[in-house]
Amino acid sequence: MAVKGDVTVTIDMQRPTPKLGFGKPLIIGSSATGMEYTTYSDLEGVGKDFAANSDVYKAALALLSQGDNSPAEIAIMLYKTEGETLQTFLPKIFAKDWYFLISTSSQVTNITAIADAVELDKSRQFFASTSSLEDLAKIYAKKYDRTTLFYHTDTDNYPEAAWIGEAASAEPGSLTWKFKTLKGIAPLDIDTTELMEIEALGANTYVTKAGDDVTSEGKTVSGEYIDIIHSRDYLVTSIQYAIQKLLNKAKKINYDNGGIAQLESATRNVLKRADLNGMIAHDDDGQALYATFFKTRDQVDPADRQNREYNDGTFEFELAGAIHRSKIKGIIKL
């Protein structure tokens, strides 16, 4: 387990009134012997350890069948069916390298147990699928920010894994999870009323629009957009990493305005990368809408200087978001 670093980054979401391996998937499941965290770069490798009719292989197949968008690496980890429970197993996975989580169990009790753990950790996302509207309602009642539900009448092909395979490897902020076409997944033949019922229960599904098979939405159970959660986590992790590296590599960072400027510069560099990914909105002049605010040495609490802590750096930005719907009016003149 890695030692906790010296840098803490928090982001508060301000909504307007009337708003690295950062896509690495982990498949979890169970077996008689269990399995420690193991990574794979292709389906052939997975096939050496798992039968083609196993749930783990099916989930990996969905992840790795999305063409050029498929992840470069996936991970698998199993707990023992004898002597170990999901509840004792889950804490172990958070010490491993992954961001998107898939489970081979679609039992609603297991989905909520995993979702509870992911929600508590506050740094990853969990995707699950179900063919039960009743189960959707039970999970929706929990209002999870970090769990995404995929409703489909055929979950054997792991549509949620295909969705992660299609979208997770893109740079955070560079895409929306809506409108994604998934290889190996059949669209549901449903009408608008049925689609609205599914989405009202906090779930996403797969439908045909304008002749294209696409994901119906891109939201977590709570209604938050998946790409917003992904972007926020990316910024927190990236700024923590950048400033920790700065502290590690320098002989020392002086507690003066020059040293503070180095912290601010590292933060701005991450925001610039986020802007290049498409995460940040631009104004009418094409300028990225982000800013940093770092208090100077004489503005900092003397007690913080004595303790060698700098706690007065902040940043803000406006998310670019994405257009998911539109209404366009026309006039015909005679």
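Biologist: Where does Lys143 have its place, and between which elements?

Modeller: Lys143 sits in the loop between helix 5 (133-140) and strand 6 (147-151), where helices (H or I, at least four residues) and strands (E, at least two) are DSSP runs numbered from the N terminus. Before going further, please note that this is a predicted model, in which local features need pLDDT of at least 70 and side-chain atom pairs count only at pLDDT 80 or more, while totals for chains, interfaces and linings use all residues. Residues are numbered from 1 along each chain as its sequence is written, and side-chain values use heavy atoms, with hydrogens and water left out.

Most residues other than glycine have a negative phi. Lys143, although not a glycine, has a positive phi of about 55°. With a relative accessible area of 42%, Lys143 is partly exposed, given that buried means under 20% relative accessible area, exposed over 50% and partly exposed in between (1.4 Å probe, protein chains only). Arg308 also has a positive phi, of about 60°, without being a glycine, and this residue lies in the loop between helix 10 (302-306) and strand 11 (313-317). Arg308 counts as exposed, because its relative accessibility is 77%.

For contrast, consider His230, which has its place in helix 8 and counts as buried, since its relative accessibility is 3%. Not counting residues up to four places away in sequence, His230 touches Phe22, Tyr99, Phe100, Gln125, Ala168, Ala170 and Pro172, contact here meaning heavy atoms within 4.5 Å.

Around these residues, the protein has 10 helices and 11 strands, and buried residues make up 44% of its 334 residues. Leaving aside neighbours within four places in sequence, Ile76 is in contact with several residues, including Leu26, Ile27, Met35, Val46, Phe50 and Val56.
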